[in-house]
Structures are given as structure tokens and as C-alpha cells.
Amino acid sequence: MTEKKENAIIRFYRETIGELRKVSWPTREEAINLTKLVIVVLVAMAIFLGLVDWIGGKLLDLALGVA
């Protein structure tokens with residue numbers, strides 16, 4: 001009458017494998033293109049934030065009277 005419970009680690013592993021089989025994986029070309037896009041956006045944001053920081057620093061120097 002007593003049912004043996006499945007080990008939690010084994011159940012987790014089995015469910016994880018089942019979910020990974022449902023995933024729609026990108027093709028190699030899609031993955032490369034998306035990686036390039038992420039790198040371009042990352043560089044653009046770094047440049048933008050660097051400029052904002054530099055301008056903010058100059059304005060703060062001007063406001064405080066620091067040469």
C-alpha cells in the first residue's frame with residue numbers, strides 16, 4: 001500500500017530533460033547574428049553612458065568652480 005516516492009534529484013533531472021526537449025533552439029546562423037547584435041548594442045550603450053558620465057562630470061566641475 002505504500003508507494004515509494006521518487007528521489008527529488010532524479011525527478012528534477014527527468015523534468016529538466018523533458019523541458020529542454022520542448023525548447024525551440026536557434027540555428028547557428030541565428031545565434032551568430034543575435035550575438036553580433038548584442039555586441040553592437042553593448043558597445044553603443046557603453047559609448048552613450050561614457051559620454052553622459054563625461055558631460056555630467058564637466059557640468060559638475062563647472063558648477064563647483066573646479067577648473
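Arg11 counts as partly exposed, at 40% relative accessibility; buried means under 20% relative accessible area, exposed over 50%, and partly exposed in between, with a 1.4 Å probe and protein chains only. This is a predicted model, in which local features need pLDDT of at least 70, side-chain atom pairs count only at pLDDT 80 or more, and totals for chains, interfaces and linings use all residues. Residues are numbered from 1 along each chain as its sequence is written, and side-chain values use heavy atoms, with hydrogens and water left out.

- The structure holds two salt bridges, a salt bridge being a side-chain nitrogen of Lys or Arg within 4 Å of a carboxyl oxygen of Asp or Glu.
- Side chains of opposite charge can pair when their charged atoms come close.
- Arg11 and Glu15 are separated by about one helical turn because they are four residues apart in helix 1 (residues 8-22); helices are DSSP runs of H or I with at least four residues, numbered from the N terminus.
- Glu15 is partly exposed, with a relative accessible area of 47%.
- The other salt bridge links Glu19 with Lys22, whose closest N and O atoms are 3.2 Å apart.
- Glu19 and Lys22 are three residues apart in helix 1, about one turn of the helix.
- Glu19 is partly exposed at 48% relative accessible area, while Lys22 counts as exposed at 63%.

**Ile17**

- Ile17 also belongs to helix 1 and is partly exposed, with a relative accessible area of 27%.
- Between the C-alpha atoms of Ile17 and Ile32 there are 25 Å, and the two residues are 15 residues apart along the chain.

- Helix 2 has 37 residues and spans 53 Å from its first C-alpha to its last.
- That span is close to the 54 Å expected at 1.5 Å a residue, where the expected span is 1.5 Å times one less than the number of residues.
- Gly65 follows helix 2 and has a positive phi, near 80°.
- Ile39, Leu42, Val43, Ile47, Leu51, Trp54, Ile55, Leu59 and Leu62 make a nonpolar surface patch of about 960 Å².
- Patches are made of residues with over 30% relative accessible area and no salt bridge, joining like charges within 9 Å and nonpolar side chains (Val, Leu, Ile, Met, Phe, Trp, Tyr) within 5 Å.
- Accessible areas come from the Shrake-Rupley method with a 1.4 Å probe, and for residues only the protein chains shown count as cover.
- Ile55 lies in helix 2 (residues 28-64) and is partly exposed, with a relative accessible area of 43%.

Notes
Helices (H or I, at least four residues) and strands (E, at least two) are DSSP runs, numbered from the N terminus.
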